[in-house]
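Welcome! Have a look at it first, and then we can go through it together.

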Amino acid sequence: MTALLEVCNLSVAFGPFHAVEGVDLLVAPGEVLCVVGESGSGKSVSMLAVMGLLPRTGRVAADRVAFRGADVLHATPRNRRRLIGREMAMVFQEPTTSLNPCYPIGWQIAEAMRAHHAAPRAEIRGRVVALLGQVGVPAPEQRMRAFPHQLSGGLNQRAMIAMAIACNPALLIADEPTTALDVTVQKGVLDLLVGLQRERGMGLVLITHDMGVVAETAQRVQVMYAGQVMEEQPAAPLFAHPRHPYTAALLDALPERAEGKPRLPTIPGVVPGAGDRPAGCLFAPRCRFRTPHCDAERPALRKAFGARVRCHYPLDDAGQPTGYPA
Amino acid sequence: MFRLLARRLALIVPTFIGVTLLGFLLIHSIPGDPVEVRVGERGISPERLAYFRHELGLDQPLWKQFLDYQGQLLQGDLGRSVVTQESVWTEFKTFFPATLELAACALLFAVALGLPLGVMAAVRRGSALDYGLIGLSVTGASMPIFWWGLMAVLIFSVALGWTPVSGRIDDLYYVEPWSGFLLIDSWWSDDAGAFRSALRHLILPAIVLGTIPLATIARMTRSAMLEVLGEDYVRTARAKGLAPGRVVVVHALRNALIPVVTVLGLQVGALLGGAILTETVFAWPGVGHWLVESVQRRDYNVLQGGTLLIAVLVMLVNLGVDVLYGVLNPRLRH
Amino acid sequence: MSATLAAPGAGLFRRLLENPGAVAGLVVMAVLIVVAVAAPLIAPHGPAEQFREHFLAPPFQQAAFPLGTDSLGRDILTRLIYGARLSLLIGATVVALSLSIGTLLGLTAAFAGGVLDIAIMRLMDVLLVFPSLLLAIVVVAILGPGLTNAMLAVAVVLLPGYVRLARAAALGELTREYVVATRSAGAGVLRLMLLVVLPNCLAPLIVQATLGFSAAILDAAALGFLGLGAQPPTPEWGTMLADALQFYQRAWWLLAFPGIAILVTVMAFNLLGDGLRDALDPKLRR
């Protein structure tokens, strides 16, 4: 069975700054993949690159970007637009600024359908109402005439989701869909996304910085750091036995795992920016297990304990680095 | 929306009173005897002076004179021209269509060219077109249009002979005035030559008068578009797979229009000011020409009445722009 | 804003020099000032000197009259050079007048509040209703034509911009903590107004003043052109254009050079003003 989305060796640079470096990604139909990382780790940029939504200053290079086996990277803009918004849709972080303030939300949802001839003109109105109901917007008949500034962030995000699924996409990319929302509505939106994914059998790429969100949703997890994939494995083993020290540190920073400890562990330092990218492992400056070898040579992504991990000393089941110099 | 409109309307009343008071006081501060100024006669006999003084109400206290003046205004009486003895309102009505026609065509020219140019420059930011447009808009906005008008006459009328030097229409043609707008009246006059002549007379002054608004609109459109094109909702529109043209026009330009309309409203006052110069250069028989002549003839009644009418016009246009602004911006509507 | 003015020199000037338009504006301004100051030294002739045997001489033909002569045989280049003096004088006078009075009115409105605030701002609204050139024409019609009255008229026209800016900036500053602190320390209103609040809202006023320079030159030239400003034989650029009206169809140089002088000068101040605005407020840079 062909993969829904296949990305090989994707790199994105803004001038001298490498926002994304050598990212591989594979999403099977109906699968939930979580891409996790701190802000600035390149997780959004790589997805925007796949969608072709980066500003012109971003230079994209890849060995292959394919959707259902068809090349997207070299597709003509027209062919790419046929795909985007119909087969492959995206939900953004800031619902209120991501919706056009000049048009009612119903109009904006209908526009997505009209652009791809997803429904006969006469049926579009009814479909919009149905979609809004499906994403849990109360009184959809009235709300479809509302402008974004009249609705709460949570409702706007539901409208965004309705817009994204309007053409029954096979793949939905959600970029931090709950980050900008009030804590009380975050769970609702997340449950909606996962529910829609199950109902429709969509592939879902969920970009987040929140390990808690990952725990609730993911089948497979990709951990990104400073533009590189650090670790990739199915969700359950990842939470049980993280193989990369960075993943381990992220998990340790979860409040529910920190019970009994006097204070929540944090990862010291910050993600390297344009000027201070280390020559060796990008995570080395913040790593507990850093060695001179880490500073000298950048590790490759390799298989270890059934996971793919970018570390010279992947952690064993006890959380200890293997092959570590004595 | 209605509250906004009501508030604006309420603000117009004190501004109107202020405008009339200012006009009233200015005319009263003219050096020389007010009767001579008003009647336009010099060295008249004391009996006649006293007669006019009483007749014109100038023997009343100033506040009473102002109230009387207000009363007259509310009855639509703007006084009579000292030179022609015609009522100011009647004269205004004859000259105004020419100015309106000129200003409307100038604005049309500025919008029809400035909007797409600004959009294209923003979309192709940093291109030769963009830099060219920036250069042109800086030049246009600094243009002394009376000079620009004369240069245009020199080049296009005198040297190339493409357009007539001045006036609204060739003397050959007589067009029955119906709307007062020559383009419309000559269109209905069955005489194809009349319409062509009117159009040829109009083109150059309209371009000259439209130059500064063109520069301003192009520049404002460009910067508003640059801002809007970076907004999240434009990315959303692209994420829907919409064609680039639709993203730019339906999603970006629709939002960029809101600040552009504000600028457009401010341009109307500037346009009427520019009309004074343009009409002088092209001997265009409009309100601006009329007012400049009234200054030269020391016809203060005309100057006062005409200025007041133009101020009222600007107030009405501003009100219209406020309404348009509310229509364009849903966030203000609710 | 207070941070940008804490070091008005270095940072601001460096950012200004990064802007090619502003640099061009500065260069033109410097040239104009030099020309204006040194006019008697560099001008080939006297501004009113008439060469009867050389009237309407075309430009680029004789070394004595590089830009040609006008209908009275006066050297155009010379008159343009002396005109630069007038233009700078007009700009400086008008801006000084409208900036000082406007700022004072704006600050007064902001500090006094209440009826005085409303009265001042309503008056400004009234002034803004008139197209600026029309208002200037009315004022000149009443005061009588002439350069001084034209300058006064233009100053009145430009007033509302400064009043509104000063008031808005002062109202913004008045809520800041340092003003509250100075107030509670017992500083007098006038002291507070001129020594504490004013320096902190200078930035937008400086920008407006630079742009006002170009507006003043343009409007004064327009009045001169209409015969309501400087009177002949004053070598004011707008008046020179009015003089040219009779002969321009056969002597284009009468028209071209004064107009170019106005255009270049106005453009220089506009570019400089835009550059200053960008340099003072990096947020607005695009």
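Which residues lie nearest the centre of the second largest pocket? In this predicted model, they are L53(A), L54(A), P55(A), R56(A) and R238(B).

- From chain A, α1 (43-51), β4 (58-61) and α2 (77-83) each supply at least two residues of the lining.
- By class, the lining has 22 nonpolar, 5 polar and 11 charged residues.

**Where chain B touches chain A**
- Here 24 residues of chain B are in contact with 30 residues of chain A.
- The area buried between chain B and chain A is about 2,300 Å², with carbon and sulfur atoms giving 55% of it.
- On the chain B side, R235(B), A239(B) and K240(B) lose the most area to chain A, and together they make up 26% of what that side buries.
- Across this interface there are 2 salt bridges; one of them joins E111(A) to K240(B), whose closest N and O atoms are 2.7 Å apart.
- There are also 14 residue pairs in polar contact between chain B and chain A.
- On the side of chain B that touches chain A, α10 (232-239), α11 (244-282) and α14 (330-333) of chain B each supply at least two residues, and the largest share, 7 residues, comes from α11(B).
- That side of chain B has 10 nonpolar, 5 polar and 9 charged residues.

**Where chain C touches chain B**
- This contact takes 37 residues from chain C and 47 residues from chain B.
- About 3,700 Å² is buried between chain C and chain B, and carbon and sulfur atoms give 81% of that area.
- The interface has 1 salt bridge, formed by D274(C) with R219(B), and their closest N and O atoms are 2.6 Å apart.
- Between chain C and chain B, 4 residue pairs are in polar contact.
- On the side of chain C that touches chain B, α6 (114-129), α7 (132-143), α11 (202-225) and α13 (252-280) of chain C each supply at least two residues, and α13(C) gives the most, with 13 residues.
- By class, that side of chain C divides into 29 nonpolar, 3 polar and 5 charged residues.

Note on methods
Residues numbered from 1 in each chain as written. Chains lettered and ligands numbered in written order. Predicted model: local features only at pLDDT ≥ 70, side-chain atom pairs only at ≥ 80, totals over all residues. Heavy atoms only, no water. Contact = heavy atoms within 4.5 Å. Buried area = accessible area lost by both parts, 1.4 Å probe. Salt bridge = Lys/Arg side-chain N within 4 Å of Asp/Glu carboxyl O. Polar contact = N/O pair within 3.5 Å; in protein donor to acceptor, adjacent residues only side chain to side chain. Helix = DSSP H or I, 4+ residues; strand = E, 2+ residues; numbered from the N terminus. Nonpolar A, V, L, I, M, F, W, Y, C, P; charged D, E, K, R; others polar. 1 Å grid on protein atoms, 1.4 Å probe; cavity = no way out; pocket = protein on both sides within 12 Å on 5 of 7 lines; lining within 4 Å.
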